[in-house]
Amino acid sequence: MLDLSRLRALHAVAVHGSVSAAADALGYTPSAVSQSITKLERETRTTLLERRGRGVVLTDAAARLAATAQELLAMVERAETDLEEQRGVPAGRLVIGAFASAARGLLPGALAGLSREHPALDARLVEVDPHLSVGQVAQGVLDLTVTFEWDINPLPAPEGLERVWIGDDLCDLLVPAGHPLAGREGLRHRDLAHQRWICQPADTVCHDWLVRTLRAAGTEPDLAYQTAENHTQVALVAAGLGIALMPRLGRGPLPEGVVEVSLDPVPVRRLFAYWRTGASRRPAITETVRHLRAVWPRRTA
């Protein structure tokens, strides 16, 4: 009889590509994941992982077993959903994914509310790149994720998933005090030409959105400073090094020396919660969505 927890560990390695990343997603140590895989190899009398450089790759047999594990985990989820629905009380483990500013500006309030009202629910939070989170819900790694789409770049809902709108996160232009754009209202995208920009690194959603938007307005952005942390971007603006376009969610108060300027049209990113269709009846899902919408911050409006 194959152990389900060990199959879960193998599935996580298949999805995330490494033992350490799988451990982060599961909330285990890398050693615990490695031990699970080793025990599974003994149970199946099959080599599942092979060393390649500093990492590991799944063997063909492991890839097939991981696919079967995904099917089994889906069946277990359906059974757990049925039981939870019958009880009518959110219970068990719920792994929630969220991008960085939602994890900071939205999830603390929602998780605190869930903890107070539903002590039988073990809600966990994993910070996930928005590029990856929807796929991880589809693969069963996450139970629910909070992610976003920009107004000019809609995010499709893959087959087998459902989503609900959480709120609209408005964006502002941040400029140093004394900057020629400070104090102006209703700036158009064409007014942003010939500026030095502070932004997210390449191959991130926000970076791609900024480049596409400015190019559509007929200007090639000068991306002088690229950093993933919003607080670092704000600090660079405060130092007078450039301007930044930043959503309000999770941003926090602006320091002295940074001025907020509105754009016309106002850039908007729409936040959604995604979950698997098979879990729609699960009280833990419906309650989590309710709490997310209840704590949506007024500051973003």
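**A hairpin, a helix crossing and a loop glycine**

I begin with R52, which stands opposite G55 in strand 2. The model is a predicted one, in which local features need pLDDT of at least 70, side-chain atom pairs count only at pLDDT 80 or more, and totals for chains, interfaces and linings use all residues. Residues are numbered from 1 along each chain as its sequence is written, and side-chain values use heavy atoms, with hydrogens and water left out.

Strand 1 (residues 49-52) and strand 2 (residues 55-58) run antiparallel and are joined by 4 bridges; strands pair if DSSP finds at least two bridges between them. Strands (E, at least two residues) and helices (H or I, at least four) are DSSP runs, numbered from the N terminus. The two strands form a hairpin with 2 residues between them, and G53 in the turn has a positive phi of about 65°.

I turn now to the helices. The axes of helix 6 (residues 107-117) and helix 10 (residues 283-294), lines fitted to C-alpha atoms over the stretch in contact, come within 8 Å and cross at roughly 130°, with angles running from 0 to 180 degrees between N-to-C directions. Helix 6 contributes L107, A110, G113, L114 and E117 to the contact, and helix 10 contributes E287, T288, R290, H291 and L292; contact means heavy atoms within 4.5 Å.

Finally, G278 lies in the loop between strand 11 (268-276) and helix 10. G278 is partly exposed, at a relative accessible area of 37% (buried is under 20%, exposed over 50%, partly exposed in between, with a 1.4 Å probe and protein chains only). The C-alpha atoms of G278 and D82 are separated by 9.9 Å, although the residues are 196 apart along the chain.
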